[in-house]
Amino acid sequence: MRIFLTALSTLILIPLSALAIDIQEVKSKGGFTAWLVEEHSIPFVSIDISFKGGASLDLPGKRGATNLMVGLLEEGTGDMDARDFAAAAEGLAASFGFDAYNDSVSISAKMLTENRDQAVALLRRALIEPRFDQVSIDRVKSQVQSIILSDSKNPEDIASRAFSAAAFGDHPYGSGLNGTEESVEGLNRDDLIAAHHNAMAQDRIFIGASGDITPDELAALLDDLLGDLPAVGAPMPKQAEYQLTNGVTVIPYETPQSVAVFGHQGIERHDDDFFAAFILNHVFGGAGFESRLMSEVREKRGLTYGIGSSLYSLDHGQLFIGQVASSNDRMAEVITVVTDEWTRMAESGLTAEELSAAKTFLTGAYPLRFDGNSRIAGILTGMQSTGLDIAYPDTRNDKVNAVTLADIARVAKRLMRPEDLRYVVVGQPDNVENTD
Amino acid sequence: MKHIFAALILSVIAAPLSAQDNVKSFTLANGMEGVVIEDHRSPVVVNMVWYRAGAADEPRGKSGIAHMLEHLLFKGTENLAPGEFSKTVAANGGSDNAFTAKDYTAYFQRVAADRLELMMKMEADRMRNLRISEEDVLTERDVVLEERNQRTDSDPSALFGEQRTAAQYLNHPYGIPIIGWRHEAEKLSRADALAFYETYYSPNNAILVVAGDVTTADVQALAEKHFGPLEPSLDLPVRARVLEPPHLAERRLKFSDERVAQPYIIRSYLAPERNAGEQSEAAALTILAELLGGSSQTSFLGKRLQFDEQIAVYSSAFYSGQSLDATTFGLVVVPAANVSLQDAEDALDRVVAEFLEQPINQEQMGRIKQQIKASEIYGRDSLRGLANSYGSALTQGLTLKDVAAWPEVLAAVTEEDIKAAAAKVFDRRQAVTGWLMRKGEEQ
């Protein structure tokens, strides 16, 4: 019976509200540029700062240095040790996040309006003059070692690490940014100082802010916060050459359920066909319950709790990969279904209905992303570091809508190459053989 | 540096909320309650329906049925084909999902505010008109078993948690895992699912929570239109679960597994929960958890075990007072390399005893109270977080008045309250102490 939905169809045809978001470009006297969404109804501000380069700037033999350095930023500055610093931040109820990623070092701060100046002064000390004292280095090293150990027993981590290593070899993308037990053990204070200079310089900063702050206040804040960082950091890493061939790698691991990471080379974020690829992936394995992979592997066959794919487009190398977990006795069937779907997509692309449904979702969901100061600040930083225009939110849905079935068919052939598909399976899968 | 284990422990400070002027409620004639949180910053709305039915309400022997039914609610009604619910949400640019806990099951969508009516219409439909086939149930049961494989059976820490929780509760169903024991979950049937559905899914057992760019009057009118016509259940069971007998004997568990990378010791004590009109003891325990093990750098355990003695790479105390029945207060220590679990446990006991003997550090208490105050401000940034707080409170025995009073109750906690609550809870006879170990390195 479809009367129920037919009666609602008029509602579906109403266009979604236009994006009601006003992004201002703020330029400080000291030369920093930030994007700001002013929102004064809640008395705090979220500021998101991204330094391009990140953990991929680790020097040869020093894998894990950037990550360890970032982990130590909140562990003391000047005459404050780790406990003094934490007590000061907690007393102000400011929240500072320090994270290392493949392509960036990210600082996310939330600060109350009532004590913002003090919170900025505290954060400034952490960014500009971290202490890197030996006691803290040793303590944080032991935490990182504990994380490396935990990851080494986690089937999902084992699978994705093995895939990256085979795909990117010696390039930093080919290994985990935490480093290895040996590389972390070998890091010393000088390595951390070098990592700090290399990764956190003024020539690679992107800033987004949202909340209870005016453009003038933000400009002054940024000069205070960042003005004393070194002008120039390390050169950006080189391109990571994709080295993996098709086939199946089985990594034996005693567990009731196998984990598989699968895929091949991906597509650059700045490629003219990126939007078509983005839509294609959305339908293939990106759309939650609605994707082809979810429908074929979970909904129709009950083979998994979850399966998805993504365009993993890093600055210096790209993958198109997916991940799935399934019982050891059912993984072989999952691999058959995924390969069939990969081939079907390569050969016939999307149907007109699928393309239209994907556009409706993607254009409708886009404005909903701009929800909350923390999310907005993060999006603004991401847009800038990706090289997008400040007017991008106004034109983005037009770009999605401009993609045609012919674009999709072209990209499907180019992007989806079943002949290059590699599976890395961790577990004890029945009837899945190593091909190498 | 935040340790990976920090992700396993819920922060207590993240939750408190005060009654904002922008929170309103209503009740329909059929007994359905509604809560509306107005936030006009962007044209977005979160629509949630909460049922006062969770894993702890399941019949004996049918563990996992509340959660499996949650999956099946996406499988179609008299008016919607299987999968059409989520497809319709997506076609409107929205996202949807659901979750099951011990005390509740909740369904939600995040959509543009002008799509709210469609969401409410579909939620009202599946509250009373579920239609599921035998085949749907069998396929979805496989999905649930793979979910159990992924989240529990593949993770020694999760298996260990399941065993510890079962040992914590001698009689109460909180000892049973939400996803179900495998031997019971793999036998669940369509009839089991429908029996649970017919017993608990009715307007007089549900709470609508809407947060976002809406007005209370509009939400109430839409609720009257779509949920109002639903018949209430006349034989809704009284929500009185079996009680725990006195705990007379300490329980100790050792679990080893090939896949364990990082051993740790964890202890939980049976502890009182927040109750309507009676929240002060829970408030004292909330602050106690923060003082003892909230911040790695400044809490008592963190300072002693991670900094002074360097016995631990991570330590924490955790307590969540929001629970319909008796909850737990927990302590965890992840020992540094070359520190045995016995030494870690001895250090934990010694440091907790020291904490109880010393006067409470008033500066630390001040910082915690400042953070609780600030968390109300930060909390207003997330619609989903706000909606969750109200939905979970109302399905766990609290009223809007209790939610409103909570920040004041926390602010009023004194040193004496904390010491008294700690003395009462830290009784080893009601504790479960667990050691997670590597296979071949059992201690």
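Tutor: Let's start with a word we will need: a residue is buried when its relative accessible area is under 20%, exposed when it is over 50%, and partly exposed in between (1.4 Å probe, protein chains only). By that rule, 61% of the 443 residues in chain B are buried. Before going on, note that this is a predicted model, where local features need pLDDT of at least 70, side-chain atom pairs count only at pLDDT 80 or more, and totals for chains, interfaces and linings use all residues. Residues are numbered from 1 along each chain as its sequence is written, chains are lettered from A and ligands numbered from 1 in the order in which they are written, and side-chain values use heavy atoms, leaving out hydrogens and water.

Now for the overall build of the chain. Chain B has 15 helices and 11 strands (DSSP runs numbered from the N terminus: helices are H or I with at least four residues, strands are E with at least two). Its radius of gyration is 23 Å, close to the 22 Å from the globule rule for 443 residues, so chain B is as compact as a globular protein of that length. That radius is taken over C-alpha atoms, and the rule is 2.2 Å times the number of residues to the power 0.38. Along the principal axes, the C-alpha atoms of chain B fill a box of roughly 65 × 50 × 40 Å. Contact means heavy atoms within 4.5 Å; among contacts in chain B with a separation of 6 or more, 82% join residues 24 or more positions apart.

Side chains of opposite charge can pair when their charged atoms come close. The rule for a salt bridge is a side-chain nitrogen of Lys or Arg within 4 Å of a carboxyl oxygen of Asp or Glu. B:R41 pairs this way with B:D381, their closest N and O atoms being 2.8 Å apart. B:R41 is in the loop between β2 and β3 of chain B and B:D381 in the loop between α12 and α13, so this pair ties together parts 340 residues apart in sequence. B:D381 is buried, at 8% relative accessible area.

A second pair is B:R239 with B:D57, at 3.0 Å from N to O. Here the loop between α8 and β7 of chain B meets the loop between β3 and α1, so parts 182 residues apart in sequence are tied together. B:R239 is partly exposed at 25%, whereas B:D57 is buried at 9%. There is also a salt-bridge network linking B:E250, B:R252, B:R267, B:E345, B:D349 and B:R428.

Finally, let's turn to the partner. In chain B, 72 residues are in contact with 79 residues of chain A. The two chains bury about 6,700 Å² between them, 56% of it on carbon and sulfur atoms; this is the accessible area (1.4 Å probe) that two parts lose on being put together, summed over both. Between the chains there are 6 salt bridges, including B:E140 with A:R298 at 3.2 Å from N to O. Elements of chain B that each supply at least two residues to the side touching chain A include α2, β4, β5 and α12. The largest share of that side, 10 residues, comes from α4(B). By residue type, that side of chain B has 22 nonpolar, 24 polar and 26 charged residues (Ala, Val, Leu, Ile, Met, Phe, Trp, Tyr, Cys and Pro are nonpolar, Asp, Glu, Lys and Arg charged, and the others, Gly among them, polar).
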